Amino acid sequence: QAKKIFDCLRVPERTAKPRTNGLTMVEGDIKSAVVGMNWLHDLVAWGGDSIDLFKVNRHLMFQQPELVVAKLAFLKQHRIEPYLGGGITEIAVHQGCVERLWDQVMELGIQVMEVSTTHLSCTMAQKVDWVRKARQRGFTVFVEIGKKRIGAPGGPKARMPTSDVIE
């Protein structure tokens with residue numbers, strides 16, 4: 001095994017892919033959505049063995065389809081699962097085209113998605129329904145609980161205690 005930098009520090013061993021727990025997700029702002037292939041190559045060289053999921057979002061629609069397909073294939077080649085950020089599903093709900101969006105997402109080979117309510121206000125029952133429908137279509141679903149915009153219209157007035165969001 002190659003010598004590690006700062007080998008005097010104890011670091012827990014990482015489990016091998018595919019992992020079912022201790023998953024590492026790469027998500028971020030627009031920067032991670034519009035990166036080019038060189039950035040992805042650098043990311044994988046830096047930490048590809050530790051990255052399990054990479055968030056893609058609505059900014060994909062502004063890119064050339066060939067580049068999107070190449071990025072997704074590259075991630076999968078390195079056993080990094082692209083997952084759809086929740087905001088794009090919220091847009092599709094608002095525009096009445098969720099089924100078409102999810103068809104196109106599946107055609108791209110994206111099988112993991114996030115369900116969130118960052119932009120839309122909805123009940124817990126509506127959110128559970130979105131999760132149920134996505135799972136019926138074969139998606140693995142991560143759920144964002146609570147609102148990011150504390151104090152915003154439709155959002156919580158303060159941080160939500162866990163007991164308020166777990167049923």
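Reply: A helix here is a DSSP run of H or I with at least four residues, and helices are numbered from the N terminus. This is a predicted model, and one place to begin is the end of helix 4, which is followed by G96, a residue with a positive phi near 75°.

Me: OK, and which residues of helix 4 are buried?

Reply: Helix 4 spans residues 86-95, and its buried residues are G86, G87, I88, T89, E90 and A92.

Me: What covers them?

Reply: The cover over the buried residues of helix 4 includes strand 3 (81-84), helix 5 (98-107) and strand 4 (112-115).

Me: At what angle do helix 4 and helix 5 pack?

Reply: The angle between helix 4 and helix 5 is about 145°, and their axes are 8 Å apart. On the helix 4 side the contact is made by I88, T89, A92 and V93, while helix 5 brings V98, L101 and W102. By residue type, the contact divides into 6 nonpolar, 1 polar and no charged.

Me: Back to E90 then, what does it touch?

Reply: If its neighbours within four places in sequence are left aside, E90 is in contact with S116, T117, T118, H119 and L120. E90 itself sits in helix 4, and its relative accessible area is 2%, so E90 counts as buried, the cut-off being under 20%.

Me: Changing topic: what is the volume of the largest pocket, and what lines it?

Reply: The volume of the largest pocket is about 500 Å³. It is lined by 20 residues, of which M61, I88, L101, Q104 and L108 are the closest to its centre. Helix 3 (65-77), helix 4 and helix 5 each supply at least two residues of that lining. I88 and L101, which are listed among the closest to the pocket centre, also take part in the contact between helix 4 and helix 5.

Me: And how many of the lining residues are charged?

Reply: The lining of the largest pocket has 2 charged residues, alongside 14 nonpolar and 4 polar.

Me: How many aromatic pairs are there?

Reply: A search of the whole structure finds 3 aromatic pairs. In one of them, the rings of Y83 and F142 have their centres 6.2 Å apart and their planes at 65°, and because an angle over 60 degrees counts as edge-to-face, that is how this pair is classed. Y83 belongs to strand 3 and F142 to strand 5 (residues 140-143), so the pair links distant parts of the chain, 59 residues apart.

Me: Where do F6, R79 and P18 lie?

Reply: F6 is in the segment before strand 1, and P18 lies in the segment before strand 1 (25-26) as well. R79 is in the loop between helix 3 and strand 3.

Me: And F6 and R79, buried or exposed?

Reply: F6 is exposed because its relative accessible area is 63%, and R79, at 53% relative accessibility, also counts as exposed.

How values were computed. Residues numbered from 1 in each chain as written. Predicted model: local features only at pLDDT ≥ 70, side-chain atom pairs only at ≥ 80, totals over all residues. Heavy atoms only, no water. Buried < 20%, exposed > 50% of the residue type's maximum accessible area, 1.4 Å probe, protein only. Contact = heavy atoms within 4.5 Å. Axes fitted to C-alpha atoms, helices over the stretch in contact; angles between N-to-C directions. Nonpolar A, V, L, I, M, F, W, Y, C, P; charged D, E, K, R; others polar. 1 Å grid on protein atoms, 1.4 Å probe; cavity = no way out; pocket = protein on both sides within 12 Å on 5 of 7 lines; lining within 4 Å. Points joined across faces, edges and corners; volume = space filled by probe spheres on them. Phe/Tyr/Trp six-rings, centres within 6.5 Å; stacked < 30°, edge-to-face > 60°.
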